[in-house]
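Dear colleague,

Here is the structure we talked about passing on. Please look through it alongside the notes that follow.

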Amino acid sequence: MDDRPAQRVYGGVDADERHARRRGQLLAAGLERFAADGWADATVAGICETAGLSRRSFYEHAADREALFLAVVDHVADEVEGVIRAAAATPDVVPVDRARLVLEALAAHFAADPRTIRVALVESLATPAFRARRRELLARFSDLAVRLMAALREDAPGRAVPDPAAARITGALLTGGLVELLIAWATDGTPRVAPDELIDHIVDLATAAARL
């Protein structure tokens, strides 16, 4: 028997659904305002106006503006990780093609919404707390890069097992380089090369690094 108190339903939507919907509205509004206005100029009032919600609703979901910013960054990171894992799980492809699929999926994801780059990678440099979260997230994606490179290395029989510390350094370097390319693209339109050409070059670099 369910002993939880009965939820009040309005317009066919219960409390949990309303809570999730409003949180989604705030995350979307936060992404919009932090990208358009920057961290320094984005306000709770502006976020609430964009979300179509009251200040009371804002503070039911976030302790303050900083907490919402971190929630937006985490949401962006979770979506990106989902894109990477979905592409990496493509069956019946060789490792080098799997790496290319991951990069193509990332390129399509960021091209569809460049605001995510500006918020997660540029505005996230604004405060010590944001920079700490940024480092955590980049380390998380660096670990994914190491796993992809391990598959590339396994595709070259006879290679010695790499030193784990060296693999982590290489993964961090590749991740950091990709981050800088994304920032340049989102902020000033560079690098001005065809996406396919850039992806091929990154795959070649990752393959060479994995097989050192």
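The lining of the largest pocket is made of 15 nonpolar residues, with no polar and no charged ones. Nonpolar here covers Ala, Val, Leu, Ile, Met, Phe, Trp, Tyr, Cys and Pro; charged covers Asp, Glu, Lys and Arg; polar covers the others, Gly among them.

The model is predicted: local features need pLDDT of at least 70 and side-chain atom pairs count only at pLDDT 80 or more, while totals for chains, interfaces and linings use all residues. Residues are numbered from 1 along each chain as its sequence is written, and side-chain values use heavy atoms, with hydrogens and water left out.

Which elements line the pocket? At least two residues each come from α5 (95-112), α8 (164-188) and α9 (195-210), and α5 gives the most, with five. Helices are DSSP runs (H or I, at least four residues) and strands likewise (E, at least two), numbered from the N terminus.

On the overall fold, the protein chain has nine helices and zero strands. The C-alpha trace spans about 65 × 50 × 30 Å along its principal axes. Of the 212 residues, 36% are buried; buried means under 20% relative accessible area, exposed over 50%, and partly exposed in between (1.4 Å probe, protein chains only). Among contacts (heavy atoms within 4.5 Å) with a separation of 6 or more, 65% join residues 24 or more positions apart.

There is also one cavity of 30 Å³ or more. The volume of the largest cavity is about 550 Å³. It is lined by 31 residues, and Ile84, Leu106, Phe141, Thr175 and Leu178 are the closest to its centre. Two or more lining residues come from each of α4, α5, α6, α7, α8 and α9, and the largest share, nine residues, is from α7. By class the cavity lining has 28 nonpolar, two polar and one charged residues.

Now to α5 itself. Its end C-alpha atoms are 26 Å apart, which agrees with the 26 Å that its 18 residues should span at 1.5 Å a residue; the expected span is 1.5 Å times one less than the number of residues. Pro95, Arg98, Ala99, Val102, Leu103, Leu106, His109 and Phe110 are the buried residues of α5. They lie on the same side of α5 because they cover an arc of only 135 degrees around the axis, the arc being that of the directions from the helix axis to the C-beta atoms. These buried residues pack against α4 (65-88), α6 (115-122), α7, α8 and α9.

As for α7, its 27 residues reach 39 Å from first C-alpha to last, close to the 39 Å expected. Its buried residues are Phe130, Arg134, Leu137, Phe141, Ser142, Leu144, Ala145, Met149, Leu152 and Arg153. They pack against α4, α5, α6, α8 and α9.

- Arginine 133 lies in helix α7 (residues 128-154). Is arginine 133 buried or partly exposed? Its relative accessible area is 22%, so arginine 133 counts as partly exposed. Leaving out residues up to four places away in sequence, arginine 133 touches Leu70 and Asp74.
- Threonine 207 lies in helix α9. Threonine 207 is buried because its relative accessible area is 14%. With residues up to four places away in sequence not counted, its contacts are Val96 and Leu152.
- Aspartate 92 sits in the loop between α4 and α5. Aspartate 92 is not a glycine, yet has a positive phi of about 60 degrees. Its relative accessibility is 81%, so aspartate 92 counts as exposed.

Regards

Technical notes:
On a 1 Å grid over the protein atoms alone, a cavity is a set of points where a 1.4 Å probe fits but cannot get out, and a pocket is an open set with protein on both sides within 12 Å along at least five of seven lines; lining residues have an atom within 4 Å of a point. Grid points are joined across faces, edges and corners, and a volume is the space filled by probe spheres set on the points.
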